[in-house]
Amino acid sequence: MTVGPLLPGGGHAARFDPAPYLAAEKLTAGLADRSWEPDGLAEIVGRLSASYRKMKEAQAGLPAAWVPSGEWAHYIAQRQPVYAALLAGDVSVAARVFAQFWRNELQPIVKEYATFEALTGEPSEQNERFVHNIVRNWLVWKDLVRQPTSVLHTPNIGNVWGYEIDGVVVTPKACRYHLLATELAGMVAGKASPVIAEIGGGYGGLAEFFLREHGSASWLDYDLPETAMIAAFFHMGARGPDKVVLYGETATPRNRTDVVPGMTYILPNFELRELEDRSTDVVVNMFSLSEVGREPLDALLERIQSVTGEWFVHHNMDRHGVVNRGHERIPASTFAIDRSRLPVVATGFDPFHGVDGDYRWYIHRRPAE
């Protein structure tokens, strides 16, 4: 079966027809085993274990708004063995899981369009859709960014996979992460050491693309403890352990004077409560605010409106009636954001899913005083 173009209409959209770039051998190359362990793997995972225990101790007894709910409670429940290993300090077990996190029970954090298992099974419509969408995303990205495919390279931390284009393994979310990183760079242009807070950093892909070009920036990743560990592992492998500060290793940043330029801070979501007003230049979120549940969403938005110094950028589901894991996602257009504090300066449909897709992006900017 051949899957036709997913962008609506002809004409302009025909520029993004992936057909000339589809090849089975490119998918095979993209899925090839790349098993590799970063230097100091045991020490890295030992740091994760110590930090995770401190996060879980601090999380105990928190209000419902700051503990996992919605879809994310379900995801965490599915991954208990690796988190149990971290709590127990069983570094060898946890290290084996993290060293392959793109291909095991942790991989939902990296996928888009298809799972690794689906792609390595019998050929199916899902395989064809995955290849089609990855190539189409690359064509859209190339048209918008005008850079060589080589900049989409994702460090091989966790045995990455994707589709090979121009000799590069383009991973599932690489095009959208790189595009947003490029846009963030424009927002903080002229700032010597910008401070960026990401709410729900996933495996760390957006931060990786931004920080490799803007090494003097500070990145604060606020996430559920379980997901934060994945990003911590990725960043320590990609950037080096000395460039990453884990929760509990130093005093938790409370304002921009507490952060060191060039460092990434991995923090539990509930520490956002302690960040002082306007301590960041940019706050960013991709995909997760619609999925956390109403009470956590309201609590996060209240804090975001306070800690944002200038820009708040988010990219989330904006369709009613979408239910996943028994939980209905909250449309982005209904988010309770006070637009007198953070007016919308731009919005639009997801450039990769098109106008028929479920996602919309928003850029808010605090008015000058």
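Buried means under 20% relative accessible area, exposed means over 50%, and partly exposed lies in between (1.4 Å probe, protein chains only). Helices (H or I, at least four residues) and strands (E, at least two) are DSSP runs, numbered from the N terminus.

The model is predicted: local features need pLDDT of at least 70, side-chain atom pairs count only at pLDDT 80 or more, and totals for chains, interfaces and linings use all residues. Residues are numbered from 1 along each chain as its sequence is written, and side-chain values use heavy atoms, with hydrogens and water left out.

**Helix α4**

Helix α4 spans residues 80-88, and its buried residues are Val-82, Tyr-83, Ala-85 and Leu-86. They sit on the same side of α4, because they cover an arc of only 155° around the axis. That arc is taken from the directions from the helix axis to the C-beta atoms. Pro-81 and Ala-88 are exposed on the other side of α4.

**Salt bridges**

A salt bridge here is a side-chain nitrogen of Lys or Arg within 4 Å of a carboxyl oxygen of Asp or Glu. The structure holds 17 of them.

| Pair | N to O distance |
|---|---|
| Asp-143 and Arg-15 | 3.2 Å |
| Arg-329 and Glu-291 | 3.5 Å |
| Asp-298 and Arg-294 | 3.8 Å |

Asp-143 and Arg-15 meet through their side chains. Asp-143 lies in helix α7 (residues 125-145) and Arg-15 in the segment before α1 (24-31), so the pair ties together parts that are 128 residues apart in sequence. Asp-143 is partly exposed at 24% relative accessibility. Arg-15 is also partly exposed, at 42%.

Arg-329 pairs with Glu-291. This pair links distant parts of the chain, 38 residues apart: Arg-329 is in the loop between β10 (327-328) and β11 (344-349), Glu-291 in the loop between β7 and α11 (294-307). Arg-329 is buried at 12% relative accessibility. Glu-291 is buried too, at 9%.

Asp-298 and Arg-294 are 4 residues apart in helix α11, which means about one helical turn separates them. Asp-298 is partly exposed at 35%, and Arg-294 is partly exposed at 42%.

Lys-191, Arg-256, Asp-281, Glu-310 and Arg-365 are linked in a salt-bridge network.

**Surface charge**

Asp-258, Glu-276, Asp-277 and Glu-302 form a patch of negative charge on the surface. Patch residues have over 30% relative accessible area and no salt bridge, and like charges are joined within 9 Å. Asp-277 sits in the loop between β6 (264-268) and β7 (280-286). Asp-277 is exposed, with a relative accessible area of 54%.

Conventions: Patch = residues over 30% accessible without salt bridge, like charges linked within 9 Å, V, L, I, M, F, W, Y side chains within 5 Å. Areas by Shrake-Rupley, 256 points an atom, 1.4 Å probe, with all protein chains shown as cover. Lys, Arg positive; Asp, Glu negative; His and termini not counted. Charge placed at Lys NZ, Arg CZ, Asp CG, Glu CD.
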